[in-house]
Amino acid sequence: MILKKYLPILRNSPFFKGLTDQEILSILHCVNAATVFKERDSYIFRAGDATEVMGLVVSGGVLIIQEDLWGHRNILSKCYAGDFFGEPYAASPGAILNISVVADEDCEIIFLNVQRLLISCQTACEHHQKLIRNLVSVLANKILIFNDKITHVGKRTTRDKLLSYLSAESTRHSSLSFDIPFDRQQLADYLCIDRAAMSTEISKLQKEGLLKTNRNHFELTVSSSVSEKI
């Protein structure tokens, strides 16, 4: 009964695409769904641990990060309501996490036992098969997201990394004016660059008339021939 209140979010999650409310509730029961609340900055998963469950964000947001012993943080991605995290590790028995998951704000998480998804139920129900197909689609999409990050951080200079990321975000939003999901420190951590150096480059780009920005909002300026393609 408690899980029913999350149905509006679950319906819009790519993981439950094509499933009815009753099928979603049936799946939640099948995978031993459990809900937890996490305060901002608290750890949900820690690197070095193993997990049998993946997480589904139903409120708030979380950061997928990597940290070294000296506290340097590399942000891999950010998850919002309807997004999943931890699937590859939960699907591989004994796999050790090389990432941590931290609450970016107060959030609610539903934990799902992935192994119960990968073992078909006795009746081989159709919605179980749909869910497995959806899981494959979700994993494929995450590969594309990480490929984008590799493209950005693979650039040689701070300026090139910034322009690569902002260009990709503009294309994703189909607009030259858009919001990014990160604050300035998080953006620097995502692009693996120094925040001060990044701020300097942003100031230069503004002076050159290539962009305008206010907090996490950016507006790019390009030639008319380029803007028509976006």
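A: The largest pocket is lined by 36 residues. Ser77, Lys78, Asn141, Lys142 and Ile145 lie nearest its centre. A pocket here is an open set of points on a 1 Å grid over the protein atoms alone, where a 1.4 Å probe fits, with protein on both sides within 12 Å along at least five of seven lines; lining residues have an atom within 4 Å of a point. This is a predicted model: local features need pLDDT of at least 70, side-chain atom pairs count only at pLDDT 80 or more, and totals for chains, interfaces and linings use all residues. Residues are numbered from 1 along each chain as its sequence is written, and side-chain values use heavy atoms, without hydrogens and water.

The volume of the largest pocket is about 950 Å³, taken as the space filled by probe spheres set on the grid points, which are joined across faces, edges and corners.

Strand 4 (62-67), strand 5 (73-79), strand 6 (84-85), helix 3 (87-90), helix 5 (126-153) and helix 6 (158-173) each supply at least two lining residues. Helix 5 gives the most, with ten. Helices (H or I, at least four residues) and strands (E, at least two) are DSSP runs, numbered from the N terminus. By class, the lining has 20 nonpolar, nine polar and seven charged residues. Ala, Val, Leu, Ile, Met, Phe, Trp, Tyr, Cys and Pro count as nonpolar, Asp, Glu, Lys and Arg as charged, and the others, Gly among them, as polar.

Lys78 also pairs by its side chain. It meets aspartate 104 in a salt bridge (2.8 Å, N to O), that is, a side-chain nitrogen of Lys or Arg within 4 Å of a carboxyl oxygen of Asp or Glu. The pair links distant parts of the chain, 26 residues apart: lysine 78 is in strand 5, aspartate 104 in the loop between strand 7 (100-103) and strand 8 (107-113). The structure holds seven salt bridges.

Helix 6, which supplies lining residues, also packs elsewhere. Its axis comes within 11 Å of that of helix 7, and the two cross at roughly 105°. Axes are lines fitted to C-alpha atoms, for helices over the stretch in contact, and angles run from 0 to 180 degrees between N-to-C directions. Helix 6 is therefore roughly perpendicular to helix 7, a term for angles of 65 to 115 degrees. Lys161, Leu162 and Tyr165 of helix 6 touch Leu187, Tyr190 and Leu191 of helix 7, with contact meaning heavy atoms within 4.5 Å. Five of these residues are nonpolar, none polar and one charged.

Notes
Angles under 35 degrees count as roughly parallel, over 145 as roughly antiparallel, 65 to 115 as roughly perpendicular and the rest as oblique.
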